[in-house]
2 protein chains.
Amino acid sequence: MSEDERPETEELVTEAPSEREEDEFLPRRELLDQIHEAIAMGDKARLNDLLEPMHAADIADIIERLDPSRRRDFLELYAGEIDGEILSEIDEAIREQVLEQLPPEVLADAVREMDSDDVVDLVEDLDEEDREGILAALDDSDRAAVQQSLTYPEYSAGRLMQSEVVTAPEHWTVGEMIDFLRAEEWLPEQFYHVILVDPRRHPVGYVQLGRMLAAKRDALLGTLREDSFRTISAYAEEGDVAYAFNQYHLISAPVVDKDDRLVGVITIDDAMAVLDEEHEEDILLLAGVGEDSSITDSVTETLRRRIPWLMVNVCTAIVSSLVISIFETTITDFVALAVLMPIVASMGGNAGTQTLTVAVRALATKSLTTGNVWRVVRREAMVGLLNGLTFAVVMGVVAWFWFGGISLAGVIGMAMIVNLAIAALAGVLIPLTLDKLGADPALASGTFVMTMTDVVGFFTFLGLASMVLV
Amino acid sequence: MSEDERPETEELVTEAPSEREEDEFLPRRELLDQIHEAIAMGDKARLNDLLEPMHAADIADIIERLDPSRRRDFLELYAGEIDGEILSEIDEAIREQVLEQLPPEVLADAVREMDSDDVVDLVEDLDEEDREGILAALDDSDRAAVQQSLTYPEYSAGRLMQSEVVTAPEHWTVGEMIDFLRAEEWLPEQFYHVILVDPRRHPVGYVQLGRMLAAKRDALLGTLREDSFRTISAYAEEGDVAYAFNQYHLISAPVVDKDDRLVGVITIDDAMAVLDEEHEEDILLLAGVGEDSSITDSVTETLRRRIPWLMVNVCTAIVSSLVISIFETTITDFVALAVLMPIVASMGGNAGTQTLTVAVRALATKSLTTGNVWRVVRREAMVGLLNGLTFAVVMGVVAWFWFGGISLAGVIGMAMIVNLAIAALAGVLIPLTLDKLGADPALASGTFVMTMTDVVGFFTFLGLASMVLV
């Protein structure tokens, strides 16, 4: 049973999946069309039939992808069916619209079903009044758990944890534990470990349920505990929590307060969601898009998020243009400079972005630390210099063949070396500096680096030209 | 016990963690210094003492961060201590160096300890001979499991799964299951569910261990199964597997072959690692850096990864320059064009990157699908147009004040509108096209979009200028 047996079928040879099933995990197009139809017809029964077999997460995705007016019609029909699971899957961006349309008793039922961490996630961005309205649906102890979580800072482990935990003293036997679990009416939806606590509720270890099931009834829980055991401070940042889960292959981890007392537990599925969001944030920030951007934003929402970054970029581009304007007369004399100068800037920008991205990722994954920072900076400087030499030769040859002047070739070669070296240094030093200042290293790094390489590129290229060519 | 109790301490108010403990999960600087010292001294006992309390993942990180010659010295001293856990944590990039230095018997012991998925990960990139050498250490059934996994395509669920699973028929009672587990000598290191199978080994459901522990001995396993149950095809792409785990909050999921028979199980910690790697790949590809780039690469390695992309960029930059060179005489007459043209190109590049990044992420998270693609394209086109109008006004006013010509202001405004609209369309259509062609939408999208916006930007700006200003 415990798997040594394997099907002996021989047809299981290496081969590519027949075709890429890109929509494997997605509601099929036709289903969506049918849903749209049911909404348009106001056919409540049909809508329920269509959605009934679906997972809450997929229903939430469908709600997210409807345009706002159709969503309103949808909720008119479907609001009564929305339960805690669906509600906790719905994206923050549209949650308020959904909450407004839910009948109070449906909302109350949904909230009562949810784990405390999902309730925290639901109410943390609401104003005081709406929050109180929702919390009123909970019984006293659940409400107290949610309020306790809300006392921890945003994006902390305390907000991420659920207060529903299963604990036991280490002197219990497996038999006592099983009897306790069988007698207990109230247990978390899912749990994978029993947390061992001392009488003052300090976690001292944990036991995998699998190990407990395989042990004799009279085995002491204390003897079954895992070798490696880690608690998480309720004040730890959620990004660090996600890192710890990924690094140490944790499935669940106890959360403790300042006095090291157990206050909750974080499970890996929540940590995985955080990891996903943190990545999303990095990639969007690097591209100069507001961190919560989504493909489902409206046009005005999108403009609101993107225009500020473009506004910054127009300002920095004007700075670069000011640098160019210093050399107007040189350009009038040698128009080849105008033709070639974007190459210098573009190569600097690209090389800078490469370094920057690797540095931002290394900071996020904690592989760039005080221990190796100077080695990394030296290495990037060396890479920048060698890149510069390589493309100095390439562009020198191109310029020579194209415009026939050896001095012009020399000028663009020198500018290439300087700009690619600066690009490399800026690419690693700018995110490091932002990190030291406590800012997100992805934030605005791209703009800084690009401005630097544009300004340095135009200045060295045109400056050298004005000295050499005149 | 089951948590209603919460510490009543009042000091748990909202407050920031005393200071950002950035190295919380990292070996501290001093520890690293001591390790370096022990290596330099050849002090084996001291090295063992230092590393003894550390988690395998952290030891692997330390090995990765050593420079290659120091790593060799380290392995001379420490190779005997390397076990399966450490070995499976070591990054592919340096794994070969480590394998070469491991004494055969240490390697054999380590491999025997590992789960089958970790062995697959270890041997899949080795050549036939080295692979056979390692597999020889395994007993027959484990070796067969690994070889079975290796028949599935790279990056498929079949490579990711472990063959160690716990199964039961659904007609078993909880008591029978517990007795079976107690009697079974061999069980997986970690397991969270019992998979219910029919006599032909088709999975039909699964039972959480927690639910089993809470049930009476005579309860049938079939009655305890979870409502939602999903199997994963051994041929599914690992990215889709990670998506499914994150979407449906799976903790473990059974893997089936073409005949729907159970061949293994994937656990969420492996899915989380895949999610992490896929993000990493996206972000590095978007930046034009080879997908396996790491901050610990050597200078030559780094150059080897980055120069090809820069080479592509130098070619596309030359194409843009060719466009500029068409208008050499116009530029000589109106040098203001040379000053302003980089702004048009830069704004296009930035707006294109914004759209591109959102589109690439939406494809990765499956929120951009055939169902909403035209809505998204229309919306981006509208955003592009409105961005264009906004910055047409901004740059028109700037150009007017700076160079005093209303025609020049009109020209740059028009060029802005055209280029930002094109940027938006290119930003969404290029990744969509790459995706349709089966390529990674992040791959080279950036280069395509930038080339497009540079060429279009220079061409419309200078082209309009040559018509209007002359």
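**Entry 1: domains.** I reminded myself at the outset that this is a predicted model. I then checked how chain A is divided: the domain assignment gives domain 1 (29-151), domain 2 (167-285) and domain 3 (299-468). I also looked up the spacing of domain 1 and domain 3 of chain A, and their centres, taken over C-alpha atoms, are 48 Å apart.

**Entry 2: the two chains.** Next I turned to where chain A meets chain B. I found 172 residues of chain A and 171 residues of chain B in the contact. The size of an interface is often given as the accessible area lost when the parts come together, so I looked that up too. Between chain A and chain B, about 15,700 Å² is buried, and carbon and sulfur atoms give 60% of that area.

**Entry 3: charges across the interface.** How many salt bridges does the rule find across the interface of chain A and chain B? I got four. I picked out the salt bridge of A:Arg361 with B:Glu280, whose closest N and O atoms lie 2.7 Å apart.

**Entry 4: a nonpolar patch.** A:Val393, A:Val397, A:Trp400, A:Phe401 and A:Ile406 make a nonpolar surface patch of about 580 Å². Which helix gives the most to the nonpolar patch? I noted helix α20 of chain A (residues 373-403), with four residues. A:Trp400 sits in helix α20.

Key. Residues are numbered from 1 along each chain as its sequence is written. Chains are lettered from A and ligands numbered from 1 in the order in which they are written. This is a predicted model: local features need pLDDT of at least 70, side-chain atom pairs count only at pLDDT 80 or more; totals for chains, interfaces and linings use all residues. Side-chain values use heavy atoms; hydrogens and water are left out. Patches are made of residues with over 30% relative accessible area and no salt bridge: like charges are joined within 9 Å, nonpolar side chains (Val, Leu, Ile, Met, Phe, Trp, Tyr) within 5 Å. Accessible areas come from the Shrake-Rupley method with a 1.4 Å probe; for residues, only the protein chains shown count as cover. A salt bridge is a side-chain nitrogen of Lys or Arg within 4 Å of a carboxyl oxygen of Asp or Glu. Helices (H or I, at least four residues) and strands (E, at least two) are DSSP runs, numbered from the N terminus. Domain bounds come from an automatic or database domain assignment. Contact means heavy atoms within 4.5 Å. Buried area is the accessible area (1.4 Å probe) that two parts lose on being put together, summed over both.
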